[in-house]
Amino acid sequence: MSMLDTLLLISLLTVLLTGLGQRVTFIGWIATLLLTAQLLTLLLMGKLGYGGEIIDASFGFSILGQPLNWRYDALSWFFALITIGSALAGSAFAAGAWGDQYRKEGGNPGLLQFSIALNVLAMLLLLGSGDLLSLFIGWELVSWASLLLMVIAGGRASEFGMRYIVYATAGAMAVLAGLAIIFQLTGSFAYDDLAAVAPALNTLQIVTLTLLFFFGFGIKMGLLPFHLWQADAYAETPGPGTAFLGAISSRMGLYAILVVIIQLIGLVRLIEIEIPYSFLSLRDLLMWVAAISIIIPTFIALRQSDARRLLAWHGIGQGGYMLIGLLVLDPYGSAGGLMHVFNHATYQAALFLSVSAVIYRTRTSDLNRLGGLVTRMPLSFLVMLIGIIGLAGIPPMNGFVSKWLVYRSLIIEGMPLLFVASVIGTLGTILSVYKLIHNTFLGQLRLEHEHIREVPLSMTIPMLVLSAIVFITGFMPGLVLDWVGSAQVALGMPQLAHTLGGVESTQGSLDMIWVCSVLFGGFAVGALLFYSGNKAKRVHQLDNYAGGHFLTADVRYHYSDNFYAGLMHHIGSWYRGSFLWLESSLISVVSSLSGGAQLLYNSFHPALYLLMAITLSLYFFIG
Amino acid sequence: MNSAQSQSLNVLLQEIEGIQLTHQNQRRLRADISADALPALLALLRGRAGYVHLSAISCVDWIEDDQFELVYHLWSYETSILISAHIRVARDPGIYLSVFDIYTPAAFFERDIHEMFGLYFEGSPDMSKFILTEWDGPPPMRKDFDSEQWVMDNFTWQDYHPDWLKQIEQQGGGVVKSADSSRKSS
Amino acid sequence: MKSTDLDRIEVNPKTMPKRTNPLANVFDDLVRFCRSRSMFMLHYCTGCGAIELPPAMTSRFDMERLGIQPMVTPRQADILLITGYVSIKTLKRVILTYEQMGSPKYVIGICSCTVNGGMYWQSYATAKKLDEYMPVDLYIAGCMPRPEAVIEGLQQLMDKIKNDQANSWKQYYENYDYYLGNQQKLFGNNWQTPTDVIGEAEIYRLMGPQTLGEHTKILQQVQKPMEPLEMKL
Amino acid sequence: MANSILLTILEVILMPLVAFIVGLFMVLMMRKLAAKLQRRVGPPLFQPLYDIVKLYGKQTQISHGLIHDIGIIMAVGGYVAAEALLPVPGMDGIAAKGGLVTLAYLMMVPSLGLALGVGQCANPNGSIGISRALTAMLAYDIPFIIVIFGVAYHFGSTNLVSIIATQQAEGIAGWGISEMPILAIAGLFALHASLGKQPFEIYIAPAEIATGPMVEMGGKFLGGLFVMQTFQLYTASVLYVSLFLGGGENWVTFLIKCFAVLAIPVLIAYLFPRYRTEDLIRLVWKWPVMLALLGVAFVMN
Amino acid sequence: MNNIAFNIALPLLAAFLLPVIHNGSAKASRLVGPFVLLAMCWFAAAYFIFIEHPVALALGGFLPPLGISFHLDQLSLLMAVIIPLMLLLLWPYTNREGFREEALLLLLAGASSGMALSGDLFNIYVFYELLSVASFGLAASTHNGAAFAATFRYLVISGLGTVLALTGIGLIYTQTGTLNLAHIGQLAAQLDNNVGLAAFALIVLGIGVKAEIFPVNGWVPEVYATAKPRISALLAGLISKLAVLAIVRLLVVAYADTDALSLLLVLGILGIIWGELSAWRAKDLKRMFAFSSIGQLGMVLVAFSIPGEAGMFAGLAMMLHHLLVKPALFMLTENWSGSISSLTGAARQSPLGAALFILFALSLIGVPPFPGFWAKLIMVTGLVGADDSLYLLALGILLTATVIEANYLIRCAIQLYAPADENSSQSAKHGRLTLSISSALGVVLIISLFSITPLGNKLYQIAAEASNRSLYINTTLSNAQVPALRKIQ
């Protein structure tokens with residue numbers, strides 16, 4: 001009974017308990033308890049994160065002559081930690097008052113806990129896969145489990161779930177095709193067979209395999225051509241479900257790409273393959289796909305007027321950073337990419353939870369119907385503030401460290417256009433996160449929100465814990481860099497030499513402890529300077545300069561709609577929804593084909609056609 | 001503008017019985033009519049003579065005759081002759097009918113006249129306070145309202161010889177320092 | 001309007017008593033000196049006198065050499081220039097702007113219309129004496145005084161500030177009832193500005209004996225509550 | 001090891017003070033140049049200091065809430081921290097511990113802090129101002145980032161101390177401006193746009209949105225923004241000098257270089273009216289970005 | 001050894017005697033059907049368990065190649081066991097219309113067992129004829145206009161098909177001079193020319209009518225939509241498999257590695273494309289399942305067209321999986337008839353039915369833990385194994401077809417769970433019998449899910465034996481046994 005078995009067993013137990021006990025009122029707390037148990041068992045396997053050796057599961061079977069086995073290495077331990085962490089945050093959030101309100105409105109919190117537990121089990125299986133077949137089984141389980149989480153809310157959510165599953169099945173079939181080709185080449189699904197035969201593959205095989213796997217796994221990550229489903233599907237999931245999905249669900253695609261493309265096929269081959277008529281190598285092409293899927297979703301997020309969709313679009317954008325970092329193939333870039341998975345999970349979960357807290361109180365997430373909540377919900381404001389500083393990647397928070405690593409590797413490796421593309425992404429993020437926090441928490445407070453109070457303790461604790469993590473790992477990034485280093489070793493990449501504060505190197509180092517302490521020193525100086533002046537009197541929000549006009553509460557003196565009018569005036573015409581047009585044209589092709597196909601069955605003279613076909617074939621065969 | 005047009009205009013205006021026309025000059029025509037004939041004249045001018053523009057309604061307070069005189073200034077881009085229709089309305093009931101349905105800008109002029117003269121226009125869309133939102137006294141532009149007297153009652157005046165003025169006068173009063181000494185920097 | 005109200009406001013304000021320890025005095029002198037050498041002027045063109053200010057600012061007379069900069073909002077400004085006749089409707093906005101300024105703040109009445117109503121003295125719509133409604137530091141007479149006169153006035157104000165004679169802004173807090181009475185006479189009893197002057201007086205300990213009176217009682221009955229939105233968990 | 005920490009702490013305290021003093025004179029120079037352009041006498045020598053002391057000396061002022069105060073504290077504090085990353089002759093501070101990219105991000109902390117503070121003022125003029133300021137930041141940060149890439153790639157490191165060392169090693173020929181002239185021009189353009197002075201002043205537009213973010217800032221709040229302005233001028237010019245003009249060998253040449261660098265945009269600034277936001281974006285994305293990319297192309301091979 | 005022949009004789013006898021028994025006592029006639037089926041199960045199972053190597057039975061004392069011979073190997077015996085079991089499962093227990101349907105079902109049972117077991121080409125043709133006659137009667141048993149029209153169309157196509165099959169068999173007879181499969185296998189060289197191929201094509205098109213092969217499956221949607229769900233379950237689930245098996249028998253024996261395989265492959269691919277595409281647009285549940293069964297059978301055909309053991313193994317896996325899932329889905333349509341949009345919110349009225357629907361849909365699509373995935377995996381590895389570009393094309397089409405299948409099946413599933421709106425039918429409650437049948441099949445599916453490894457090995461063994469051409473030939477020609485009627489064990 002290795003540690004891995006106990007982990008999977010507890011996870012299975014969670015699934016069964018939440019599945020059977022949906023009617024029980026405190027099912028949320030049971031789920032949270034069991035998820036903490038899973039986290040503890042994972043931490044007991046902790047030596048994996050610090051260079052420990054691989055832990056094998058005791059169970060394993062061979063079906064139809066193919067062996068299936070499960071094992072955990074540093075990489076899967078790292079991802080498993082993030083998965084269980086975000087699931088724990090989500091289910092703790094849903095267990096308390098949020099769950100009661102959700103039940104009162106006709107939702108079923110037990111079902112939500114069950115689907116989160118099911119997703120965690122599926123992801124743990126995927127992360128532990130020891131060979132390609134178990135990888136594919138885990139992959140299918142994950143995509144179908146997240147479908148369940150998406151369609152709980154019913155109504156429009158099931159439409160988006162429907163759209164998601166078509167993308168996910170297409171992706172899975174592409175992966176299956178890839179596996180089939182590998183089976184043809186190596187005759188088995190084991191990792192080391194593929195790793196052995198990989199150097200001998202010719203260019204065509206490498207290109208088809210990479211494209212198939214990138215198509216398959218890229219859909220889950222929301223890479224550019226296939227990103228349409230993610231924002232709506234994540235936004236419509238009930239509160240904590242969005243936090244869990246947004247934090248980790250699309251990173252499973254990244255894990256699979258890491259295992260298959262980088263660990264087995266090896267990135268070096270991708271660099272040599274030149275794409276004809278262009279100076280790009282295959283790796284550059286993939287990096288450009290990642291770079292574009294940083295920019296476009298971020299600027300789509302800029303236009304959203306629904307808080308959840310804005311954050312979901314950012315989830316897609318940030319996925320591009322991780323891929324770019326990993327494809328740069330130098331220790332800084334890959335460390336940045338892997339650390340960004342952890343960082344993004346923490347602040348994305350915190351942001352989604354704070355938005356759910358706002359929805360819990362104001363019953364709306366439409367940015368044009370919120371405003372001024374900072375005086376009524378200060379803790380949620382604090383969580384969202386720390387979250388957006390992390391998302392925008394500004395110093396004191398951990399988002400900055402991973403983006404710094406990615407940028408530094410892009411500079412030193414000399415990729416100017418990619419560097420500029422990713423920075424444009426960051427700037428777009430800063431703009432849209434400020435719009436998020438301004439329209440929700442700052443500005444004039446609405447009449448109907450006057451009597452709102454802060455969300456109860458059971459919801460603030462998970463949020464505050466997550467934002468504490470965001471701050472602490474920003475202040476001392478060394479903690480996460482240890483795990484990232486051992487994950488790099490598991491991937492077979494050079495490990496990043498790092499200290500507790502950051503990175504030491506002649507070509508430019510980063511010591512977050514110093515930078516953050518100087519920053520807080522500066523804030524202290526600013527506070528000293530500020531409080532040296534006289535006391536300032538707090539005034540009501542209507543005591544405001546309006547060109548001499550007497551402000552009254554019925555005229556809302558607040559700016560939130562069409563927030564970046566100047567920018568939109570300039571780039572507004574670029575939003576033509578070309579991807580939506582692409583998708584709808586594909587659907588119309590399929591439906592016209594099926595119309596044609598049905599024509600055969602509605603015709604009245606099958607016999608005549610049959611006879612004609614036969615006489616023709618006879619003439620051909622015998623004549 | 002030529003005489004042929006003004007001839008046809010005169011013939012047209014004869015249709016209103018009891019109208020006296022006086023040509024102040026080639027471009028100005030004054031028409032004095034009875035109060036109840038005014039809407040007919042306006043409709044006629046607007047319909048048949050292209051008088052699309054009611055530029056103003058002015059009001060004159062003949063306190064001795066105990067009457068208000070309303071002057072409707074009309075302008076047409078074809079004949080380019082300015083017609084001013086003068087009517088007299090009794091002062092004490094101070095009620096007349098609104099021409100808002102013929103010329104929409106009339107609403108504002110009527111509201112202004114109501115505020116300033118207290119002449120009520122029936123059928124005018126809005127007879128509320130227009131400019132003098134703080135004023136709740138009698139309509140100020142009526143001749144029977146003595147503005148100076150009201151000011152004397154309600155306002156106090158600056159004391160022309162306060163001691164701080166005396167203090168300045170001891171220093172020679174008025175501008176004491178010459179211009180160049182007051183230039184501070186290089 | 002009994003004359004007794006007049007003499008309760010000492011017309012030429014006495015200087016503040018010197019503080020005991022010398023270091024504080026040096027510090028106060030320094031702050032007063034900087035206050036006099038750097039004045040932000042709220043360019044509130046209520047009347048025709050405002051046309052005199054651009055020449056005062058531009059190259060020929062150049063107010064900036066005196067440290068005076070035009071500012072747009074009352075929050076940032078120190079001097080409120082009332083340039084010309086003040087109709088009752090405008091007076092409401094002038095009072096709101098005055099109360100929105102951070103003190104020490106100074107009011108300069110340019111043009112004779114602010115002094116005694118000027119050529120509109122017998123109009124029912126204009127305010128005759130500006131200092132009935134807010135404490136005025138300085139008048140610059142003239143039916144549009146020339147830029148030299150405006151600069152001269154501003155220099156006199158700088159001297160008054162330097163030797164601590166320009167504390168009339170405290171009058172507004174200490175005699176708020178008098179000013180409120182005059183305002184209520186013009187605008188009626190349910191006149192209210194969003195700023196809580198009495199609250200400010202309490203916080204900055206500027207409550208004089210005449211701050212509260214029957215006019216402030218009327219105000220307190222009529223006033224809609226405007227407490228600031230305190231951050232509460 | 002212990003005394004080097006004490007030394008760095010001392011430097012970290014000293015550098016912002018130096019920055020404030022030099023910044024004051026930079027503001028003075030800016031206002032004097034503006035006056036001279038308009039054939040005016042211009043403010044006296046210590047005018048910026050008078051303004052700041054007067055603003056901090058204000059006796060009553062209003063605040064719209066805790067976040068309004070914290071916004072100003074972050075604005076001033078952010079720049080105080082950014083100064084510690086800018087090496088000056090004799091003092092390196094923690095420039096070695098955080099490179100060029102960290103500095104670029106640290107300069108975003110004050111604008112984010114100000115944005116939060118103005119947000120709670122609940123005044124739409126402020127919000128419109130901030131949305132225009134962030135759009136302008138998006139616009140001018142792209143050429144700025146390309147320039148940073150060019151310089152970092154050319155000198156092979158993002159550590160400012162080593163960049164300055166390599167430039168000073170070969171004297172004038174080694175300066176950034178002589179090796180990467182096009183990048184220097186693009187850098188100047190980006191520097192000018194980042195100062196937020198006249199042609200790019202859309203977010204302080206006094207006539208339309210009542211000085212944008214500063215609409216509800218009185219007393220010590222406005223004083224904080226004036227202090228921030230001094231730091232902003234100082235940081236921009238010192239960064240440009242250390243990237244392209246070989247940093248400071250000694251204080252005299254260093255200050256001359258800084259004031260010369262600042263004089264150019266200031267001279268240009270007071271001759272132009274304001275650009276609208278979309279024209280500002282179109283201008284900054286067209287010429288400086290083209291120049292910067294050209295410069296990087298030269299640097300790359 | 002000789003009582004396997006009872007499997008054919010007994011049901012035919014019972015079918016003919018049923019009217020007589022019915023006149024005797026109605027209650028007794030109700031028992032005859034199930035009793036006969038149980039006996040058939042008992043005999044076939046006895047053989048299936050004790051047989052180690054295939055056995056050939058020469059009936060009537062005449063040794064092959066002259067006489068009619070039965071070929072009993074594990075595959076045919078497996079089918080012989082499945083036929084009575086499925087019929088028992090789908091027997092009209094609550095039938096009130098009298099004995100006619102039961103008689104036809106017994107006829108069906110006898111004919112299909114004969115077709116599974118017989119080793120003689122003409123004998124297969126005769127049983128096929130008997131089978132189609134029985135299926136016409138059953139298809140028309142709903143006695144309404146649409147059913148009659150559909151059955152008539154089915155009759156026309158099937159008649160034409162049998163004519164083609166006969167000409168095909170005639171051609172083979174002219175070429176090889178014999179009708180015994182094993183003998184034909186021996187003389188396979190003579191069929192390796194155009195005429196042989198044409199004969200095979202004709203037989204495929206002929207027998208393919210029942211196997212829903214591409215050009216000749218025009219009748220499928222109408223018949224399945226109008227027939228009773230039990231009947232369409234039987235037709236789609238069981239009978240089509242037998243037809244496919246007959247073709248495969250001929251393929252293995254006579255046309256092992258000729259380009260007959262590519263003909264089957266092409267027909268299979270077209271079947272998949274046409275089936276899945278038209279299912280995407282189907283408006284009501286029954287038609288959707290009909291088109292989906294066309295698609296699935298296309299996949300089975302593609303699987304069988306893979307040369308060698310892997311092909312047989314994949315084909316059998318897909319076939320058995322479809323045989324298990326499709327009848328259950330058809331049974332669900334008992335109360336869920338009418339357009340799909342009328343089914344919104346049906347899950348509230350019959351939660352077990354909706355759960356079963358989702359279970360079978362997931363297995364049909366091939367979601368990992370379910371056996372459908374393993375069947376598809378075998379097929380994919382098989383397709384890749386046969387490294388020919390046409391097979392890779394087939395793989396591509398198979399995968400896209402799965403995506404389309406997932407689309408319309410999950411669309412239905414979500415429709416079931418969507419909140420009920422105004423046009424959702426109120427009578428979506430399932431009868432106890434239908435639920436019990438489909439849940440029985442569900443239980444079988446779940447058992448096979450857990451015991452996938454042993455099942456996989458057994459199936460591989462069957463496939464290996466069935467695809468062994470030489471074994472087939474010499475068991476029939478060399479050591480055929482004469483069943484002595486007297487020795488009845």
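This is a predicted model: local features need pLDDT of at least 70, side-chain atom pairs count only at pLDDT 80 or more; totals for chains, interfaces and linings use all residues.
User: What makes domain 1 of chain C and domain 2 of chain C count as being in contact?

Analyst: Contact goes by residue, and the cut-off is C-beta atoms within 7 Å. On that test, 17 residues of domain 1 of chain C are in contact with 13 residues of domain 2 of chain C. By class, the domain 1 side has 9 nonpolar, 2 polar and 6 charged residues.

User: Why is F148(E) called partly exposed?

Analyst: Buried needs 20 or more other C-beta atoms within 10 Å, and exposed needs 12 or fewer. F148(E) has 14 C-beta neighbours inside 10 Å, so F148(E) lands in between and counts as partly exposed. You'll find F148(E) in helix α6 of chain E, residues 145-176.

User: How far is F148(E) from D192(E), C-alpha to C-alpha?

Analyst: They're separated by 42 Å, and sit 44 residues apart along the chain.

User: How do you know which strands pair between chain A and chain D?

Analyst: Pairing takes at least two bridges. Strand β5 of chain A (residues 536-538) and β1(D) have 3 bridges, so they count as a pair, in the parallel sense. As one of the bridge partners, K537(A) goes with I62(D) in β1(D).

User: How many residues go into the contact between chain D and chain A?

Analyst: Chain D puts in 72 residues and chain A 61 residues. On the chain D side, α6(D) gives the most, with 15 residues. That side divides into 38 nonpolar, 25 polar and 9 charged residues.

User: What about chain E: which stretches make up its domains?

Analyst: Domain 1 of chain E is 1-118, and domain 2 is 120-420 + 427-475. Their C-alpha centres lie 22 Å apart. The contact takes 30 residues from domain 1 of chain E and 35 residues from domain 2 of chain E.

User: Which elements supply at least two residues of the domain 1 side of that contact in chain E?

Analyst: β1 (55-58), β2 (69-72), α3 (74-89) and α4 (100-117) of chain E each do. The largest share, 9 residues, comes from α4(E). By class, the domain 1 side has 21 nonpolar, 7 polar and 2 charged residues.

Note on methods
Residues are numbered from 1 along each chain as its sequence is written. Chains are lettered from A and ligands numbered from 1 in the order in which they are written. Two residues are in contact if their C-beta atoms, placed from the backbone, lie within 7 Å. Helices (H or I, at least four residues) and strands (E, at least two) are DSSP runs, numbered from the N terminus. Ala, Val, Leu, Ile, Met, Phe, Trp, Tyr, Cys and Pro count as nonpolar, Asp, Glu, Lys and Arg as charged, and the others, Gly among them, as polar. Domain bounds come from an automatic or database domain assignment.
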